[in-house]
Amino acid sequence: MTTIERQDLTEAEHVARIKKAQDPGVSRAEGWRLRGPLLPALIFMIVVTQIPFLFTLYYSTLSWNLVRPGSRKFVGLQNYIDVVGDSTFWQVAINTVLMIVITVLVSVVLGLLLALLLDRVFLGRGVVRTLLITPFLVTPVAGALMWKTAMLDPVFGIVNWVLSPFGVHNVDWVSRFPLTSVMINLVWQWTPFMMLLILAGLQSMPKDILEAGRVDGAGAFQLFRELTLSHLRRFIELGTVLGAVYLVNTFDAVYMMTQGGPGTASANLPFYIYQRAFLGFDIGQAAAMGVIVVIFTMVIASFALRLIFKSFSGKEEAA
Amino acid sequence: MTTTDVQKSVEAPVQKSKVKRRKFDPWGAVAWIVGLGFFFPVFWMVLTAFKHEVDAYTTTPKFFFVPTLDEFKAVFDQGVGTALLNSLFATTVSTILVLALGVPAAFALSLRPVRKTQDALFFFMSTKMLPVVAAIIPLYVIVSNIGLLDNIWALIILYTSMNLPIAVWMMRSFFLEVPGELLEAASLDGASTWRAVREVILPLVSPGIAATALICVIFAWNEFFFAVNLTAVQAQTMPVFLVGFIAGEGLYWAKLCAAATMAALPVVLAGWVAQNKLVRGLSFGAIK
């Protein structure tokens, strides 16, 4: 019995239960009794997450600088026009997209390879898995600190030491390749995440399918491409969109390793917004950028939500 | 039936083939090398924390040295105590709040589903997809207006809201594994719903709740963005302390590593304990 089958089963039960609960005969009092346990969480979330966002929308229409008292006035869409006309904003937006796309792609590929390795049987597999997930658990600020200092330092860094037999000497990675350095740290952090998701996919794969394929005379590569990859597809998709949604918020690594510098070479939108709001005190424009990030994220998030709901209903398994 | 049974039944054929194949697997060696490689920065951080500064700065990395606890002592002298206590407090209280709000909500969205369950689930998840950076400006203004700037309670409320959606989804997936008949049977026996839940359901899902709590602990402990923007000295958490520490001690790696180790160790341990349920938390319960 696989996990997926179980999921289908419980989901069917669940739907039946919802149907029952939606019986028009259910009284209003009964409805409230059922709703009771949900309400505190729901109200808490609405208050804490939705109200600030409405304020962001409102602030984005104001010209408001915290260091100039009395500067708060309504300017309509002027902030958005200014943001779109700001070339730094575009550079930072491109950095953000690059950071997300490259990190996700590399982490997915590495995560897939690692998951394939861990799906084999070897001595100490549990230990290796534990070692591999550790980068995802380490406090991101501490991880970024290690990469910035002990790993990538031009003189005392481990990376230069390892690469020195290959003619690499005293490369100052963080100042010469700031964006790449940040991404190395992010890939290190996110590969375990992808690996765990893909490994769960591999382990939920019915082994008899592979056997049947082998009996039919398919080669190893063909088996992998036709069966394993197609089975893993939804796990990879889920990892990609969830990874992207989380990586939109990348802040710790940039703050810690480069402070967005040199200039804005490695700044992403969260860091730039932080700079504009808390170092430049330009609330209006920072809020407008925040709204733009939300719209951008919603595009990715809509894919993520659809995928997660799909894996709950288990429809694509039948296809 | 719990997930562990399912996992066992999935892994059972793998176990069998282990007996068949005793010979050395080169891919296993590759896995070990890659695993150690990924772990290396963390290993190095812990190792360096036990060095004297003189051993930390060497062009050829030093693996053997006389260990010392001096650097940890130095970190304590710099006032890491407050930050540790703050992190501990914020993490514990927010996790308790998440469970207090989340367990009933997960119940109402699974075993005794309310109308519009799908809408409520959708809402919870969508809040997790809103980039926090878009909310930080009003949050800062609101928090400073109600006088909670540099107050740990501001972080507790925000960490609760940050982890609640994950917890609701994750715990719902555990509740859904409880056979529905159990609850029916208990209510037929005349037990009130609350008693049935407390005596029949909760013991069954308690491992799931524990795993959920550990995942909330990891995220709350590691959080940096809210903490750096909304706290200063009094309410600073470990990640904020670490950043401040670097500004002052940037040239002292052993000391930095000692501080970083203290910041990272608790959650690494929590994560190792919860690793079998990690995937479920990270995928909102979609993958088990």
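**Exercise 1. Determine which residues B:Leu242 is in contact with, leaving aside its neighbours within four places in sequence.**

*Solution.* Two residues are in contact if their C-beta atoms, placed from the backbone, lie within 7 Å. With neighbours within four places in sequence set aside, B:Leu242 touches A:Val141, A:Ala142 and A:Leu145 in chain A, and B:Ala259, B:Ala260 and B:Ala263 in chain B.

The model is predicted: local features need pLDDT of at least 70 and side-chain atom pairs count only at pLDDT 80 or more, while totals for chains, interfaces and linings use all residues. Residues are numbered from 1 along each chain as its sequence is written, with chains lettered from A and ligands numbered from 1 in the order in which they are written.

**Exercise 2. Describe the side of chain B that touches chain A.**

*Solution.* First, 93 residues of chain B are in contact with 95 residues of chain A. Next, helix α2 (residues 26-49) of chain B gives the most to this side, with 15 residues. Finally, by class the side of chain B comprises 67 nonpolar, 19 polar and seven charged residues. Here Ala, Val, Leu, Ile, Met, Phe, Trp, Tyr, Cys and Pro count as nonpolar, Asp, Glu, Lys and Arg as charged, and the others, Gly among them, as polar.

**Exercise 3. Characterise the packing of α5(B) and α10(B).**

*Solution.* Helix α5 (residues 80-108) of chain B and helix α10 (residues 193-222) of chain B have axes 9 Å apart, at an angle of about 140°. Axes are lines fitted to C-alpha atoms, for helices over the stretch in contact, and angles run from 0 to 180 degrees between N-to-C directions. The two helices are therefore oblique to each other; angles under 35 degrees count as roughly parallel, over 145 as roughly antiparallel, 65 to 115 as roughly perpendicular and the rest as oblique. The crossing is right-handed; a crossing is left-handed if the near helix is turned anticlockwise from the far one by less than a right angle, and right-handed if clockwise. The contact of α5(B) with α10(B) has 12 nonpolar, four polar and no charged residues.

**Exercise 4. Characterise the crossing of α6(A) and α10(A).**

*Solution.* The axes of helix α6 (residues 125-137) of chain A and helix α10 (residues 178-203) of chain A come within 7 Å and cross at roughly 125°. These helices are therefore oblique to each other, and their crossing is left-handed. Among the residues that make the contact are A:Leu132 and A:Phe136 of α6(A), and A:Trp188 and A:Phe193 of α10(A).

**Exercise 5. Explain why α14(A) is largely enclosed by the rest of the structure.**

*Solution.* Eight of the 11 residues of helix α14 (residues 269-279) of chain A are buried, so this helix is largely enclosed. The buried residues include A:Phe271, A:Tyr272 and A:Arg276. After α14(A) comes A:Phe281, with a positive phi near 60°.

Terms used. Helix = DSSP H or I, 4+ residues; strand = E, 2+ residues; numbered from the N terminus. Buried ≥ 20, exposed ≤ 12 C-beta atoms within 10 Å, placed from the backbone.
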